[in-house]
Every structure is written in structure tokens, then in C-alpha cells.
Amino acid sequence: MYKPFSEDLSCDEVKRIELMGESAIRAYRRVVSIFRSGKPGLYMLMGDYGSGKTLIVRKATAGLSSGRVVIKSFKNINNDVDLSCSGGRAIMGYVIDSFELFFQNPEAYVALARNYVISVSQYYPVLLVVSLPLVIGDISGYGDVVNKVGEIPESNKIKVSFSTEETKSILSRIGIKVSEHVKPYILKTPGLGIRALSSSKENDDSVEIIVI
């Protein structure tokens, strides 16, 4: 069955997928280098929704020859799911996916955010994955986390972005033709175009095009 979200893929499927686009490949290499270095601190991977950030970090953990990078998602705050595809036992660092949810509703996520942003980052590299544009709610009273994130140096930030032509090329490889009259954010984020494919029926591999 077609799986539009990379968190739904098995690690074997993640390993088989080829990253497309220069930006994604550079981001992958940078994420791998961060965790291989083992240097404690905060890092950030950011990009538009649908730009493949979760796939990049999952694939990066699969590319580590030893050790384990734990991937936690704020989408699954109430369970202990680890999206990592690394096979080692010794912890090398942490990835917090969908960290933008903290800024939208800080009260719901502040305990975990403080743990990783304030505490864990003193001992391990912690990569925050953030979807743009950032929607900010009432963050008063959470200055310790907000300020710490705001202090992440530019050298520790990774941006995933695609040109219009690059996105069209990526989508064309899987049989999606992009017309000239498409909303700009789809042309910047191939994942949104890919997610326009969805199974028409449960347990059915056929797909239909959904206009976003």
C-alpha cells in the first residue's frame, strides 16, 4: 500500500529510497557528520512541510556504521516510538521531529522540550526538526526553551529547499506531471506533490490524484 509519510515506512524501505535533490543530499551528509562527531549541543534541520526532513534523518541514522541515534516525534508525544534506523546500542544523539509543535502549543510539549533542549543537549548532539513557516502561539513563560533554541548558531542549522525545476523533476520521476497552474508551496515541496497520491481503497495499491 502507498505510504505518503516517511514515519510509516519500515527501515528497509527507508534504506531503499534514493534521496533526490542537491539540498536533501547535502542535509543528509550534514546530519550524518553531526552524529559521527558526537559534539554535544543543539542543531536544527528546517524546511517547508513536505520537504522530506523526516526521511532525511531516518535515512541518516541508517547510514551510521555504529551507535544509535534516537528519533522522537512530538506527533507521538504519548508513546515511546523510536523512528531510528540505526542498529547500534550506544547512544550517539537524539533527533526531535516536529519540534515546531512546541511553538504552537508550548504547554503541551514543554516538559519534553526542556528535557532535550536544556538537559540532554549538554551531553549529546540534539537535532531539532522544524517545519516552516513557523506558527508561534503564546510562548510567554517558556523563555528558557525559546531562548536556547534562538541561540543555535547558524553553523548548526541545516536548511532543506528545492527550486521549482528541481521539484518538477523529482515528481516527474514518479509519474506526477506538474502543470503551470499550481500553488507555489507545492512547487517548493515535492513531498506535498507525492502526498497527493493516496490509496483509493484500504488494502488497495491503486492510487488517485487528489488536488491540493
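The legends below describe close-up views of a predicted model.

**View 1. Burial of helix 3.** Helix 3 spans residues 53-62 and is mostly covered, with 9 of its 10 residues buried. The buried positions are Lys 53, Thr 54, Leu 55, Ile 56, Val 57, Arg 58, Lys 59, Ala 60 and Thr 61.

**View 2. Surroundings of Ser 98.** Ser 98 sits in the loop that joins strand 3 (91-97) to helix 4 (100-104). Its relative accessibility is 5%, so Ser 98 counts as buried. Leaving aside residues up to four places away in sequence, Ser 98 touches Ser 73, Phe 74, Lys 75 and Val 129.

**View 3. The ring pair of Phe 74 and Tyr 109.** The model has 8 aromatic pairs. In one of them, the ring centres of Phe 74 and Tyr 109 are 5.0 Å apart and the planes stand at 15°, so the pair is stacked. Phe 74 belongs to the loop between strand 2 (68-73) and strand 3, and Tyr 109 to helix 5 (residues 106-119), so the pair ties together parts that are 35 residues apart in sequence. Phe 74 is buried at a relative accessible area of 2%, and Tyr 109 is buried at 13%.

**View 4. The ring pair of Tyr 94 and Tyr 124.** Here the ring centres of Tyr 94 and Tyr 124 are 5.6 Å apart with planes at 80°, so the pair is edge-to-face. Tyr 94 is part of strand 3, while Tyr 124 lies in the loop between helix 5 and strand 4 (125-132); the pair therefore ties together parts 30 residues apart in sequence. Tyr 94 counts as buried at 15% relative accessibility, whereas Tyr 124, at 30%, counts as partly exposed.

**View 5. The aromatic cluster.** Phe 74, Phe 99, Phe 102, Phe 103, Tyr 109 and Tyr 142 are linked into a cluster by ring pairs.

Key:
Residues are numbered from 1 along each chain as its sequence is written. This is a predicted model: local features need pLDDT of at least 70, side-chain atom pairs count only at pLDDT 80 or more; totals for chains, interfaces and linings use all residues. Side-chain values use heavy atoms; hydrogens and water are left out. Buried means under 20% relative accessible area, exposed over 50%, partly exposed in between (1.4 Å probe, protein chains only). Helices (H or I, at least four residues) and strands (E, at least two) are DSSP runs, numbered from the N terminus. Contact means heavy atoms within 4.5 Å. Rings of Phe, Tyr and Trp (its six-membered ring) pair if their centres lie within 6.5 Å; planes under 30 degrees apart count as stacked, over 60 as edge-to-face and the rest as tilted.
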